[in-house]
Amino acid sequence: MPSSVGAPAPQALPDARQRLAAHLAGFDVQPLRREFAEHGAFLQLRDFLTPEITAQLIAAVDCVKVAVHRNYLPGHKQGGSVSRHAIDALAPAIGELYRSSALLEWLGQLAGERLQVSPPKDPHAYALYFYTRPGDHIGWHYDTSYYLGRRYTLLLGIIDESSCRLDYELHTREAGAAVEAGSVLIPPGGMVFFDGDKLRHRITPLGAGEVRVSLTFEYVTDPRMHPYWRLISNMKDAVAYFGFRQVFRRLVPRRARRA
Ligand SMILES: [Fe+2]
């Protein structure tokens with residue numbers, strides 16, 4: 001069971017979902033859908049969230065700082081992470097935004113298929129990534145789906161006072177297609193959206209005196225997962241991201257609890 005904190009959880013974003021729904025209605029989805037498909041299931045928008053929602057997310061980041069779990073995998077990644085379990089305890093408004101039906105429907109239009117939220121036990125369903133020490137980065141990888149269906153990633157910029165870039169390669173798994181390389185900054189309020197098994201990507205190392213915080217939302221087309229792959233996925237999340245405590249016991253760190 002998730003541990004509880006003594007003090008009331010931070011206030012939910014009262015109208016963030018309504019704001020987001022109204023904002024999303026202003027996009028012309030069809031050209032974006034075409035662009036997403038032409039790029040092999042990848043899209044970037046520099047101005048995605050409204051400034052108000054971005055500001056609310058920046059405030060939420062402050063609430064979870066005590067739960068950051070740092071890890072270091074030589075040659076692959078270095079940085080801090082906060083799982084959905086800790087977010088639920090410390091900044092539940094983020095989960096509310098994740099479950100926004102308007103967002104789900106809008107992203108489903110881009111993907112061209114119905115999307116669903118990840119199961120409650122998935123620590124990656126929504127998570128925050130902290131790049132705060134020089135050299136924090138993640139090397140080339142795919143956001144592999146262990147689910148029976150596809151896994152899509154929405155990566156949102158929250159704080160970016162850094163030179164970090166998302167480097168990516170499109171069409172790497174399309175027979176006969178030419179690989180197309182790119183590199184983007186993701187400013188606060190900006191987003192990238194992609195099929196995790198199609199986009200090869202990395203985040204370049206943080207420089208001295210820099211800071212970067214991003215938020216990911218993970219959506220799936222079929223939330224079922226074989227127990228074996230659930231174990232593999234949890235082990236990977238425990239070692240590479242959130243620690244065993246957040247993944248297997250769904251506990252926020254002791255220092256995050258309040259008397
Ligand atoms: Fe990734």
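Some ground rules. The model is predicted, so local features need pLDDT of at least 70, side-chain atom pairs count only at pLDDT 80 or more, and totals for chains, interfaces and linings use all residues. Residues are numbered from 1 along each chain as its sequence is written, and side-chain values use heavy atoms, with hydrogens and water left out.

Let's start with the iron. Which protein residues are the donors of the iron ion? They are His141 (NE2), Asp143 (OD) and His201 (NE2), lying 2.2 Å from the ion. A donor here is an N, O or S atom within 2.8 Å of the metal (3.2 Å for Na, K and Ca). Water is not among the atoms, so a site may look incomplete.

Along the chain, the iron donors follow the spacing H-x1-D-x57-H. Aspartate 143 and histidine 201 link distant parts of the chain, 58 residues apart. Aspartate 143 is in the loop between strand 6 (137-141) and strand 7 (151-161). Histidine 201 is in strand 11 (residues 200-203). By strands and helices I mean DSSP runs: helices are H or I with at least four residues, strands are E with at least two, and both are numbered from the N terminus.

Buried or exposed? Aspartate 143 counts as buried, at 11% relative accessibility. Histidine 201 counts as buried too, at 4%. The cut-offs: buried means under 20% relative accessible area, exposed means over 50%, and partly exposed is in between (1.4 Å probe, protein chains only).

One of its contacts is glycine 196. Glycine 196 lies in the loop between strand 10 (191-195) and strand 11. It is buried, with a relative accessible area of 0%. Leaving aside neighbours within four places in sequence, glycine 196 is in contact with Tyr142, Asp143, Thr144, Arg151 and Tyr152. Contact means heavy atoms within 4.5 Å.

Next, helix 7. How far does helix 7 (residues 227-248) span between its end C-alpha atoms? It spans only 14 Å, whereas a straight helix of 22 residues would span 32 Å at 1.5 Å a residue. That expected span is 1.5 Å times one less than the number of residues. Now look at phenylalanine 242: helix 7 bends there by about 125°. The bend is the angle between axes fitted to the seven residues ending at a residue and the seven starting there.

Helix 7 has several buried residues, among them Arg230, Asp237, Tyr241 and Phe242. Its buried residues pack against strand 2 (69-73), strand 3 (77-82), helix 4 (84-90), strand 5 (126-131) and strand 6.

Now a helix pair. Helix 2 (residues 29-38) and helix 6 (residues 101-111) pack at an angle of about 50°, with their axes 8 Å apart. Axes are lines fitted to C-alpha atoms, for helices over the stretch in contact, and angles run from 0 to 180 degrees between N-to-C directions. Helix 2 and helix 6 are therefore oblique to each other. The rule: under 35 degrees is roughly parallel, over 145 roughly antiparallel, 65 to 115 roughly perpendicular, and the rest oblique. Val29, Leu32, Arg33 and Phe36 of helix 2 make the contact with Trp106, Gln109, Leu110 and Ala111 of helix 6.

Arginine 34 also lies in helix 2. It counts as partly exposed, at 49% relative accessibility.

On to strand 7, the place of leucine 154. Leucine 154 counts as buried, at 0% relative accessibility. Beyond neighbours within four places in sequence, its contacts include Phe48, Leu103, Met191 and Phe217.

Serine 162 is in the loop between strand 7 and strand 8 (166-170). It is buried at 17%. Its C-alpha is 6.0 Å from that of arginine 212, and the two are 50 residues apart along the chain.

Alanine 41 has a positive phi of about 75° although it is not a glycine. It sits in the loop between helix 2 and strand 1 (42-45). Histidine 171, also not a glycine, has a positive phi near 65°. Its place is the loop between strand 8 and strand 9 (180-184).
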